[in-house]
Amino acid sequence: MNILEEITEILAEILDIENHNISPETYLIRDLGVESIDLLELAVALNSIFKIDVNDDEIFLKKLRQYITEAEQQNKDILQYLAENLPFLSRKRLEEITADLEEGPTLKVEDLVSYVERQCYEN
Amino acid sequence: MMDNMRRRVVITSVGVISSLGFTLVEILNNLKDENISFERSFFDNEDAIVSPINDFDVKDFADHFKDRRYLNRGAQFCVASAIEAVKKAGIDKKLLAESGLFLGTGPNLDIGGEFPDIKVGEIDRKDLMALWMLKFLPNTAASVIAKLAGIHGENQTITTACSASLQAIGEAFRKIKDGYIDLAFAGGGDSRLSKSSILAYKKAHALCDGTGNPERAIRPFDKSRKGFVPGEGGAFFLFEELQHAKSRGATIYGEICGYSASIDGYAMTAPQPDGKWAERSVNAALQEAGLVSSDIDVVSSHGTGTLLNDLMEAKLIDRIYGEKPPFVIALKSWIGHIAAACGAVELAICLACMQSSYLPKIRNLDEPCHAALNFVREEQSCPIRNILLENFGFGGQNSALVVRKHDRLR
């Protein structure tokens, strides 16, 4: 199984839903109704299955809005600042995220994949 | 409302999951056909005998929901039977939100199943859930039921061993009778069918041995009784103030008239031999119901088939009823001992029997341990008006509940 397939399995198990409801484009909170306790389970599962350290703040983009505020306060380029703090996300994805903020929590399945890919690579 | 106006409490929905069936009709048919589930456990190589529900899946009752992973098997029976009672109640969201929720639950004793690799105190493993503790917290079932059904009223989770679900029902009854709420779901679910649980009861010398015919193993009130057979299941009921039930045209399955509980303060597992405090709970339940002992037609005994319980209980019944002994049934001879949930499931079976004026025999009762009692030795048809249920649990927990057939004319 590749990383996406593994993550799909984990999410389906935790949320008690079918795999076909999950794609890279799926929003975790907006589409799947993921709650904070599900994120706890997800972090534990990713850690044990991929043998990687999982930083909850990073992988679940918990500090996204804080980083944007910081960039604004310090007159820094927002995308550049986000790229420094969330290095696992591509420039294209960061542009998408900043354009999408009004709609609610932006975390997608593809972001989890990107995080795990980077952590596995660093190991 | 006038202070002296007595509020009456009736049963208006039943959800039950038992080895005798998943509806009152199924239960009655399986009682009559002696269609029972007793077998040698597959999970214990020392051959314990158990009464399992082999085709149970909580998803069949509550569909898919993510918190399912936090339910131990006993909690699954709780949730499934509660959701069944909610569905059958047919009440709207507003009434559900106002309803109380009272549960009797047991501990998760499946330590070996939960932590298969446990070694020198180290329980962590690859797939240990972040919130694994939820499978051990007694109120996880309550939390899940409330979330699934939208129940937000008064709530208690009672964990008084084998007396727990009868006490949960009793507490719901009193909360309604005393005017705090008009409706409450109450009941319980439990399962001790695991290798670790069996080990626990074996070490306590409470189980019958695993030899012989499994269907003959549990023999309440028989001279040759050797212990209980663990069962599993759950039952929930909607309890409702009578006028409230009538005004919405609800089906009424019976009336709860009296309840009481007490604690021996004697021993950790054995009942107090003279049953002094157990007797007090029975008498107090009769008093609350406004009845005398001769008004009781049937005693649904705790009847575990252990030496000590049945000895104490037989003497107690004899003392209370004396000259005019009521019929005594022992439903654990049909479904095994469902621990914290035994009272709830036994109440469901009592309602099935009451509706049809039917009394099941005490299975495997060949030589009664007490000559003066009116044990039901052969099935029979007879009108039943008042049943008194008794449950006694480890720790000296005693409870008694009086249920009456509902008479539309009264």
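How far apart do the C-alpha centres of domain 1 and domain 2 of chain B lie? In this predicted model, where local features need pLDDT of at least 70, side-chain atom pairs count only at pLDDT 80 or more, and totals for chains, interfaces and linings use all residues, the separation comes out at 20 Å. Residues are numbered from 1 along each chain as its sequence is written, while chains are lettered from A and ligands numbered from 1 in the order in which they are written.

Chain B splits into domain 1, running over 9–247, and domain 2, covering 258–404; these bounds come from an automatic or database domain assignment. Where the two meet, domain 1 of chain B puts in 56 residues and domain 2 of chain B puts in 53, with a contact counted if the C-beta atoms of two residues, placed from the backbone, lie within 7 Å. On the domain 1 side, two or more residues come from each of β1 (9–17), α1 (24–32), α7 (164–177), β6 (183–191) and β7 (232–241) of chain B. Helices (H or I, at least four residues) and strands (E, at least two) are DSSP runs, numbered from the N terminus. The largest share belongs to α7(B), with eight residues. Sorted by class, this side of domain 1 of chain B has 28 nonpolar residues (Ala, Val, Leu, Ile, Met, Phe, Trp, Tyr, Cys and Pro), 19 polar (the others, Gly among them) and nine charged (Asp, Glu, Lys and Arg).

And between the chains? Here chain A gives ten residues and chain B gives nine. On the chain A side, α1 (3–15) and α2 (36–50) of chain A each supply two or more, and α2(A) takes the largest share with six. That side of chain A holds six nonpolar, one polar and three charged residues.
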